[in-house]
Amino acid sequence: MKQNILLQLHPMTKFYFSLFILGVVLIIPGYSFAFAIFPVLVLIAVLAGVSKEFLSIVLKALLSVLIIVFIMQMFFYPGDHVLWSWGIFSIKQEGLNYGLLLTSRILAIGSAFILFFRMTKVRDFVKSLEDKGLPPMGAYVVLSTLQIIPEMKRQAKTIMEAQKTRGVETEGSLLIRAKAFIPTLTPLILSSIAGTEERAITLESRAFSAPVKKTSLHQLTKGNVDRVLPIVYVLIIIGLLVWRFFL
C-alpha cells in the first residue's frame, strides 16, 4: 500500500512549515492573507488524509477562542470611528479591524500547529528533537508533556465506562455528567501517580539515567525534499522581510 508523501516528510520539515506560516502571517500586514492561509491548510490536510481530525480539532479548540477574542476587541478596542452604539457598548471601526487581524492570525497559526500534530506522530517529533541535540531527559519531558492530556483522557474514559457497567448514570444533562465525572477524579489521580511510578521503574530498568550514549531502534531519515524545503522557507521569509521593511 502506497504511503502518503506528506506524511512521509521528516518531522522537522513539517515543524519548520508551521514556523514558516507563523513568520509569514506576522510579516504580511492585514487580515486577508492570514484568513487565506486557512483554506490552504485545509487543502494540505485533505491531501494528507487528516482533514476530518484537523477540522474537528480546529472547531473544538479554536472556534470559541476566536469568537471571544473578536467580540472583546470589537467592543473594547479604543478608537474614534463609532459604527454602532448602545449604552456602554459600542463597535468601533478600529476595534473591528483589529479583531479581524487578531483572529485571522490566531486561526492561521493555531491551525498550522494543529495540522502539524495531526500529520506527525509525537514520538517521531521527539526523536527528531533528540537527533537535533536535545538531551534524552529533555526529550522524555517533551514526550510526557505532549502525551499527558490524551493519556488522562483515555484513563477518564475507561473509568467512566467502568462506572457505567456498575449502573452509574453517566449520560444525560450537563448536571448528570458533572455528577458522574466528580467520582472519577480520585481514581484518575491515583492511576496517574501509579503510571508515573511504573514509567520511572521502566526507565531505570533500561538504564535511562546511566551516563552513557543512548541508542534507539527508532530511526528517522531525511530525503532530498526534506533538505530543500527548509532552505525555501528561509529564502521566502528573507524575501518578505526585505519587501516589508525596505521596499
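Modeller: Helices are DSSP runs of H or I with at least four residues, strands are DSSP runs of E with at least two, and both are numbered from the N terminus. This is a predicted model: local features need pLDDT of at least 70, side-chain atom pairs count only at pLDDT 80 or more, and totals for chains, interfaces and linings use all residues. Residues are numbered from 1 along each chain as its sequence is written, and side-chain values use heavy atoms, without hydrogens or water.

Biologist: What pattern does the protein chain follow along the sequence?

Modeller: The protein chain has 11 helices and two strands. Read along the sequence, these elements give α-α-α-α-α-β-β-α-α-α-α-α-α.

Biologist: What share of the residues of the protein chain count as buried?

Modeller: Buried means under 20% relative accessible area, exposed over 50%, and partly exposed in between, with a 1.4 Å probe on protein chains only. The protein chain has 247 residues. The buried share of them is 30%.

Biologist: Among contacts between residues at least 6 apart in sequence, what percentage join residues at least 24 apart?

Modeller: Contact means heavy atoms within 4.5 Å. Take the contacts in the protein chain between residues at least 6 apart. Those joining residues at least 24 apart make up 67%.

Biologist: How many residues of α2 are buried?

Modeller: Helix α2 runs over residues 11–27. It is largely enclosed by the rest of the structure, because the buried count out of its 17 residues is 13.

Biologist: How far apart are the end C-alpha atoms of helix α2?

Modeller: The expected span of a helix is 1.5 Å times one less than its number of residues. With 17 residues, α2 should span 24 Å. The model agrees, as the end C-alpha atoms of α2 are separated by 24 Å.

Biologist: Which residues does Thr13 touch, not counting residues up to four places away in sequence?

Modeller: Thr13 sits in helix α2. Its relative accessible area is 2%, so Thr13 is buried. Beyond those sequence neighbours, Thr13 touches Asp226, Leu229 and Tyr233.

Biologist: How far apart are the C-alpha atoms of Phe20 and Val234?

Modeller: Phe20 is also part of helix α2, and it is buried at 14% relative accessible area. Leaving out residues up to four places away, Phe20 touches Tyr233, Ile236 and Ile237. Val234 is 214 residues from Phe20 along the chain, yet their C-alpha separation is 8.0 Å.

Biologist: And what separates the C-alpha atoms of Pro230 and Phe20?

Modeller: Pro230 lies in helix α11, residues 224–245. Pro230 is buried, with a relative accessible area of 18%. Its contacts outside four places in sequence are Tyr16 and Val225. Pro230 and Phe20 are 210 residues apart along the chain, but their C-alpha atoms are separated by 8.9 Å.

Biologist: At roughly what angle do the axes of α4 and α5 cross?

Modeller: Axes are lines fitted to C-alpha atoms, for helices over the stretch in contact, and angles run from 0 to 180 degrees between N-to-C directions. The axes of α4 (residues 51–61) and α5 (residues 63–76) come within 4 Å. They cross at roughly 40°.

Biologist: Which residues of α5 make the contact with α4?

Modeller: From α4 come Val58, Leu59, Lys60 and Ala61. From α5 come Leu63, Ser64 and Val65.

Biologist: Is Ala61 buried or partly exposed?

Modeller: Ala61 is found in helix α4. The C-alpha atoms of Ala61 and Ser111, 50 residues apart along the chain, are separated by 9.7 Å. At 39% relative accessibility, Ala61 counts as partly exposed.

Biologist: What covers the buried residues of α5?

Modeller: The residues buried in α5 are Leu66, Val69, Gln73, Met74 and Phe75. Their cover includes β1 (82–86), β2 (89–92) and α6 (93–119).

Biologist: Which side chain meets Lys127 in a salt bridge?

Modeller: A salt bridge is a side-chain nitrogen of Lys or Arg within 4 Å of a carboxyl oxygen of Asp or Glu. By this rule the count is one. Both partners lie in helix α7 (residues 122–131), four residues apart, about one turn of the helix. At 2.6 Å, N to O, the partner of Lys127 is Asp131.

Biologist: Is Lys127 buried or exposed?

Modeller: Asp131 is partly exposed, with a relative accessible area of 45%. Lys127 has a relative accessible area of 9%, so it is buried.
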